[in-house]
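Colleague: I'm new to this one. Can you walk me through it?
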Amino acid sequence: MPTKATQGSAGFDLYVDLGEKPFIRIKPGESQRLSTGIALAIPEGYFGAIFARSGLATNQGLRPPNCVGVIDSDYRGEVGVGLCNDSGEVRVIENGQRVAQLVVIPCPDVEIEEVVELPETDRGAGGFGSTGTK
């Protein structure tokens, strides 16, 4: 079961379920899909976002290959967690280890409308550093 580490935790820790295997190895540059052994029913109007665990990402170079996984509210299959090894060393994941965190986030139902022009703003089309670095 996903758990919160503390009362103030934003996310639920997700644990790997390797079945009978005590551990797996992830080679440098390799990505693997890991089983969690769970399925979820995310409430309508929300989605589940799967984020890296900061300790695994910072200390071991393990992160989701798509950076943030998305679980739609109508998905009912098993929750998988992809991990990519960005380090130069083989990493070991043990059965039952916390490998990611799940945050349930509101997702408003919006409609996309095609227009010829967009409304003006002070920022305009400025992007990628246009607002400064400090």
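Colleague: How many helices and strands are there in the protein chain?

Modeller: There are one helix and nine strands. Helices (H or I, at least four residues) and strands (E, at least two) are DSSP runs, numbered from the N terminus. This is a predicted model: local features need pLDDT of at least 70, side-chain atom pairs count only at pLDDT 80 or more, and totals for chains, interfaces and linings use all residues. Residues are numbered from 1 along each chain as its sequence is written, and side-chain values use heavy atoms, with hydrogens and water left out.

Colleague: In what order do the elements run from the N terminus?

Modeller: The order is β-β-β-β-α-β-β-β-β-β.

Colleague: What does the C-alpha trace span along its principal axes?

Modeller: About 60 × 35 × 30 Å.

Colleague: New topic. How much of the chain is buried?

Modeller: Buried residues are 27% of the 134. Buried means under 20% relative accessible area, exposed over 50%, partly exposed in between (1.4 Å probe, protein chains only).

Colleague: Which residues of strand E2 are on its covered face, and which on the uncovered one?

Modeller: E2 covers residues 23–26. Ile24 and Ile26 form the covered face. Phe23 and Arg25 form the uncovered one.

Colleague: How many bridges join E2 to strand E8, and do they run parallel or antiparallel?

Modeller: Four bridges join E2 to E8 (residues 91–94), and the two run antiparallel. Two strands pair if DSSP finds at least two bridges between them.

Colleague: And what stands opposite Ile24?

Modeller: Ile93 in E8. Ile24 is also on the covered face of E2.
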